[in-house]
Amino acid sequence: MPECSVVSRSWSELTTSELYAVLKLRTDVFFVEQKVDEEELDNRDQEPGTRHHWIADSSGTVAYLRVLVNDEPEHLDARHIIGRVVVRADRRGEGLAQQLMAVALKEFTGAPMLLHAQQYVAPLYAKFGFVAFGEPYAEATIMHISMYRAASTAANG
């Protein structure tokens, strides 16, 4: 898979153009394509600890994820939550989400992490050491499974 450049920024580092491109991708996929009817702008993007990771091409942002930091763990010791993982339809299957995951996990090496995966994508996260727990559940009419990754010292193990 060709290596694409991953950009990582906090809220205060985002330009208005970068923010627009990220929100356009999230809206195009979650609302238009997947028909999600839940709140997209949850105010978590702006939190000082949130990290935004994305890949762009000449047409805009092609892949994105964010890492949130909770004051209290949501599960076991995981205070870091990966979410809003999204890849533009025309660029799926190129390994872009894997590249974003590798960068995010490297940035937070040593931190236990949690994510709420759309169930059909769970095998992708399992490659990075995430283990499903609990029962599958519907979130925004899409089946999800919660996944946990214990603290590690390497980006992929």
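Residues are called buried under 20% relative accessible area, exposed over 50%, and partly exposed in between, with a 1.4 Å probe and protein chains only. At 62% relative accessibility, Glu39 therefore counts as exposed. Glu39 is placed in the loop between helix 1 and strand 2 (51-57). Helices (H or I, at least four residues) and strands (E, at least two) are DSSP runs, numbered from the N terminus.

The model is predicted: local features need pLDDT of at least 70, side-chain atom pairs count only at pLDDT 80 or more, and totals for chains, interfaces and linings use all residues. Residues are numbered from 1 along each chain as its sequence is written, and side-chain values use heavy atoms, with hydrogens and water left out.

The nonpolar cores were examined next. A nonpolar core is a set of buried Ala, Val, Leu, Ile, Met, Phe, Trp, Tyr and Cys residues joined through side-chain atoms within 4.5 Å. In soluble globular proteins, nonpolar side chains tend to be buried together. The largest such core holds 26 residues. Ile82, Met101, Leu115, Tyr125, Phe130 and Met147 touch the most other members. Two or more residues each come from strand 3 (60-69), strand 4 (80-87), helix 2 (96-107), strand 5 (113-118), helix 3 (122-126) and strand 7 (142-149). Helix 2 gives the most, with 6 residues. Tyr125 illustrates the packing. Neighbours within four places in sequence aside, Tyr125 is in contact (heavy atoms within 4.5 Å) with Val85, Met101, Leu115, Ala117, Phe130 and Met147. Another core, of 11 residues, lies apart from the largest one. Val36, Tyr64, Ala140 and Ile142 are among its members.

Ala140 also stands out in its backbone. Its phi is near 55°, a positive value in a residue other than glycine. Most residues other than glycine have a negative phi. Ala140 lies in the loop between strand 6 and strand 7. With a relative accessible area of 9%, Ala140 is buried. The C-alpha atoms of Ala140 and Glu39 are separated by 9.3 Å, although the two residues are 101 apart along the chain. Glu139 belongs to strand 6 (residues 131-139). Because its relative accessibility is 32%, Glu139 counts as partly exposed. Its C-alpha atom is separated by 8.8 Å from that of Val36, 103 residues away along the chain. Beyond neighbours within four places in sequence, Glu139 is in contact with Glu38 and His144.

The pocket analysis used a 1 Å grid over the protein atoms alone. A pocket is an open set of points where a 1.4 Å probe fits, with protein on both sides within 12 Å along at least five of seven lines; lining residues have an atom within 4 Å of a point. The largest pocket has a volume of about 940 Å³. Its lining numbers 39 residues, of which Phe30, Arg84, Val85, His116 and Gln118 are the closest to the centre. Helix 1 (16-33), strand 3, strand 4, helix 2, strand 5, helix 3 and strand 7 each give two or more residues to the lining. Strand 4 gives the most, with 7 residues. The lining divides into 19 nonpolar, 9 polar and 11 charged residues. A salt bridge is a side-chain nitrogen of Lys or Arg within 4 Å of a carboxyl oxygen of Asp or Glu. The whole structure contains 14 salt bridges. Glu47 pairs with Arg44, the closest N and O atoms being 2.8 Å apart. Glu47 counts as partly exposed, at 27% relative accessibility. Arg51 forms a salt bridge with Glu107, with the closest N and O atoms 2.7 Å apart. This pair links distant parts of the chain, Arg51 in strand 2 and Glu107 in helix 2, 56 residues apart. Arg51 is buried at 18% relative accessibility, whereas Glu107 is partly exposed at 35%. Arg91 and Asp57 meet in a further salt bridge (2.8 Å, N to O). Here the loop between strand 4 and helix 2, which holds Arg91, is linked to Asp57 in strand 2, 34 residues apart. Arg91 is buried at 15% relative accessibility, and Asp57 is partly exposed at 26% relative accessible area. Salt bridges that share partners join Arg26, Asp42, Asp45, Arg66 and Arg84 into one network.

Arg84 lies in strand 4. Its phi is near 55°, a positive value in a residue other than glycine. At 21% relative accessibility, Arg84 counts as partly exposed.

Conventions: Grid points are joined across faces, edges and corners, and a volume is the space filled by probe spheres set on the points. Ala, Val, Leu, Ile, Met, Phe, Trp, Tyr, Cys and Pro count as nonpolar, Asp, Glu, Lys and Arg as charged, and the others, Gly among them, as polar.
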